[in-house]
Amino acid sequence: MKESACCFGPAMVELSALGPISVVRPSRCLSIPPQLPGFDPGAKSGDVALKCLTLAFWDFPKLSVVAVNGLAIGGAANVALANYHDIVVASTDAYFKYPFSDIGLTPELGSSYMLPRMVGMARAKALLMLGDKLTAHEAKDMGLVLEVTTPDQLLPRARHYAEVLASKHEDALILSKKLINSHLREKIEAVLDVENAFFHKVMSNFTKASKL
C-alpha cells in the first residue's frame, strides 16, 4: 500500500490495514495511509497545530489499534493518546511527555480540548503545563491506555484486539465509532483553529524577542 509519511519523532507508529481495522505498530515515523480523508502532508504550511492531520484521523472511518513502545513527546503523545485511536496498548518501555511549557509553545492537535475531557481539568493542566514524564502505567490509570504489556507482548496484544474487532459486525463498528466521535467532532475543528492562533501568537513573541 502506498503511504505518505509524516514524521514527529523516534517513537512514532505505522498504520497497516486489517479489513475494517488499522493495526498500529512501533516505527520511527508515523505513516499516514493516503485514504485518510482530507489529509495532504503538503497543504496549509501555516497549520502548526496540525489541524489537517488531526481532522483526518477523526474522520478516518476504520477502527484503529495503536501499539506504543518507547518515547512519545508532544505531538507524538497526542497522536498516541488524545483520541486519535480506538484502542491504545503500550509497553512498559513506553512513556509520554508534553514539553510545551519547557520550549515555549502551546498545546496542539486538539489536546487542549481532549485531555481535560479524558483525564479531568487538574490532571490535564498538570500534563500540559508541568511537562512531567508519564509512564505507561500512569497513562493507563488515567484512562488514556487500555492495556500495558511487556515489550515482547506489545504487538501480539495489539493484534489480538484487532482480530477481535475484525470478527465483529463491520457496519456496526464503523457506525458506532462515527456516533461516539460525532459529539466531539463538531467542536474539535473550531478548537484547532484556536490552537493554531495561539501557536502563531507564541511564535510571533519568539520572533519579536529575537529582534531585541
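Buried here means under 20% relative accessible area, exposed over 50%, and partly exposed in between, using a 1.4 Å probe and protein chains only. This is a predicted model, so local features need pLDDT of at least 70 and side-chain atom pairs count only at pLDDT 80 or more, while totals for chains, interfaces and linings use all residues. Residues are numbered from 1 along each chain as its sequence is written, and side-chain values use heavy atoms, with hydrogens and water left out.

On that scale, Tyr 98 and Phe 100 are both buried. The structure holds two aromatic pairs (Phe, Tyr or six-membered Trp ring centres within 6.5 Å; planes under 30 degrees apart are stacked, over 60 edge-to-face, the rest tilted). Tyr 98 and Phe 100 make up a tilted one, at 6.1 Å centre to centre and 35 degrees between the planes.

Next come the helices (DSSP runs of H or I, at least four residues, numbered from the N terminus). Helix α4 spans residues 111-119, and its buried residues include Tyr 113, Met 114 and Leu 115. Just after α4, Gly 120 has a positive phi of about 95 degrees. α4 packs against α5 (residues 121-130) at about 135 degrees, axes 7 Å apart (lines fitted to C-alpha atoms over the stretch in contact, angles from 0 to 180 degrees between N-to-C directions). That makes α4 oblique to α5 (under 35 degrees is roughly parallel, over 145 roughly antiparallel, 65 to 115 roughly perpendicular, the rest oblique).

Over in helix α8 (residues 170-211) sits Asn 181. Asn 181 is buried, with a relative accessible area of 12%.

Key: Helices (H or I, at least four residues) and strands (E, at least two) are DSSP runs, numbered from the N terminus.
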